[in-house]
Amino acid sequence: MLQTLVRLEGKIPTRFRYTRHMSRAFIHSFQLRILGFYKGAAIRDLVKRVHHEVDCQILSNEGYMAYSLARAQSTMDGVMAEVGTYQGASAKLICAAKGDTEFHVFDTFCGLLDASEEDPLFRQHDYAASEESVRKYLADYPNVIFHKGLFPADTGSDVADKKFSFVNLDVDTYASTRDCLEFFYPRLLPGGILLSHDYAQAEGVRKAFDEVLGTKPESIIELPESQCMFVKQG
Ligand SMILES: C[S@@+](CC[C@H](N)C(=O)[O-])C[C@H]1O[C@@H](n2cnc3c(N)ncnc32)[C@H](O)[C@@H]1O
């Protein structure tokens with residue numbers, strides 16, 4: 001029943017805001033109980049707080065996944081990045097896990113700019129957010145660097161010489177997912193991890209992964225909700 005609801009929730013177009021919100025709230029409260037049971041009160045309370053503080057577009061378990069991978073990768077050399085920050089929910093969970101690691105946050109802050117017929121769930125300018133509010137929201141964490149603009153066209157050059165231990169993508173569309181994968185793939189360290197939201201629910205995201213990773217040795221690892229990830233080979 002819950003898995004069916006999770007699958008259906010991901011297929012609700014963004015214009016049905018209220019239905020999306022209510023179904024996500026239900027799934028969220030259920031997942032939080034299980035998270036608290038297995039992982040303890042501290043991380044459960046952090047995920048819960050983030051859901052109250054901002055409009056969070058990821059499920060509780062997906063937030064935990066971003067947190068857990070960032071924590072695991074924080075012992076590696078290299079920097080971290082997120083493309084698709086919106087109001088800062090997933091970025092806050094990564095910040096809580098990353099320690100002092102340099103973390104690059106990319107968003108247009110004007111919402112989606114390249115939604116096309118490949119992305120039927122999304123519309124142009126969905127998820128516009130205030131850069132200033134997100135800066136304030138993450139202000140307590142060290143080494144967080146903001147880049148405003150369409151990635152990688154406008155802001156990729158800011159980090160072209162960096163090597164990445166962990167990247168979180170949450171860009172929704174085919175074109176952005178494809179361009180982000182092409183940018184980050186050669187810049188991931190061996191053992192580096194790229195996590196993406198929406199692989200199981202947005203056909204454009206899945207198409208971009210299948211095209212770009214299809215020619216590479218790494219396997220796409222599907223996670224229980226909408227996310228997928230891969231680990232860069234040496
Ligand atoms: C669904 S929201 C992200 C949700 C967020 N990760 C969370 O935890 O709630 C998608 C975001 O991706 C951003 N975005 C999409 N494509 C982008 C690109 N190519 N460059 C920069 N930002 C992009 C949009 O502006 C939007 O804020």
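Colleague: What volume does the second largest cavity have?

Modeller: In this predicted model, two cavities of 30 Å³ or more are counted. The second largest cavity is lined by residues including Ile 58, Glu 62, His 197 and Gln 227, and by class its lining has two nonpolar, four polar and two charged residues. Its volume is about 30 Å³.

Colleague: In which space does the ligand sit?

Modeller: The largest cavity holds about 490 Å³ of space, and among its 41 lining residues Gly 84, Tyr 127, Asp 170, Val 171 and Asp 172 lie nearest its centre. A molecule is assigned to a space if more than half of its atoms lie within 2 Å of the grid points of that space. By that criterion the ligand sits in the largest cavity.

Colleague: How many residues of the shell around the ligand are charged?

Modeller: The ligand is surrounded by 22 residues, of which Gly 84, Asp 107, Phe 151, Asp 170 and Ser 176 are the closest. Over the shell, the division is 10 nonpolar, eight polar and, as the charged group, four.

Colleague: Which element gives the most to the lining of the largest pocket?

Modeller: The largest pocket, with a volume of about 490 Å³, is lined by 20 residues, and His 21, Arg 24, Ala 25, His 51 and Cys 56 lie nearest its centre. The elements that give two or more residues to this lining are helix 2 (17-39) and helix 3 (41-53). With nine residues, the element that gives the most is helix 2.

Colleague: How many charged residues are in the lining of the largest cavity?

Modeller: Helix 1 (2-9), helix 2, helix 5 (89-98), strand 2 (103-107) and helix 7 (174-184) each supply at least two residues of this lining. By class, the lining of the largest cavity divides into 16 nonpolar residues, 15 polar residues and, for the charged class, 10.

Notes
Residues are numbered from 1 along each chain as its sequence is written. This is a predicted model: local features need pLDDT of at least 70, side-chain atom pairs count only at pLDDT 80 or more; totals for chains, interfaces and linings use all residues. Side-chain values use heavy atoms; hydrogens and water are left out. A residue is near a molecule or strand if one of its heavy atoms lies within 4 Å of it. On a 1 Å grid over the protein atoms alone, a cavity is a set of points where a 1.4 Å probe fits but cannot get out, and a pocket is an open set with protein on both sides within 12 Å along at least five of seven lines; lining residues have an atom within 4 Å of a point. Ala, Val, Leu, Ile, Met, Phe, Trp, Tyr, Cys and Pro count as nonpolar, Asp, Glu, Lys and Arg as charged, and the others, Gly among them, as polar. Grid points are joined across faces, edges and corners, and a volume is the space filled by probe spheres set on the points. Helices (H or I, at least four residues) and strands (E, at least two) are DSSP runs, numbered from the N terminus.
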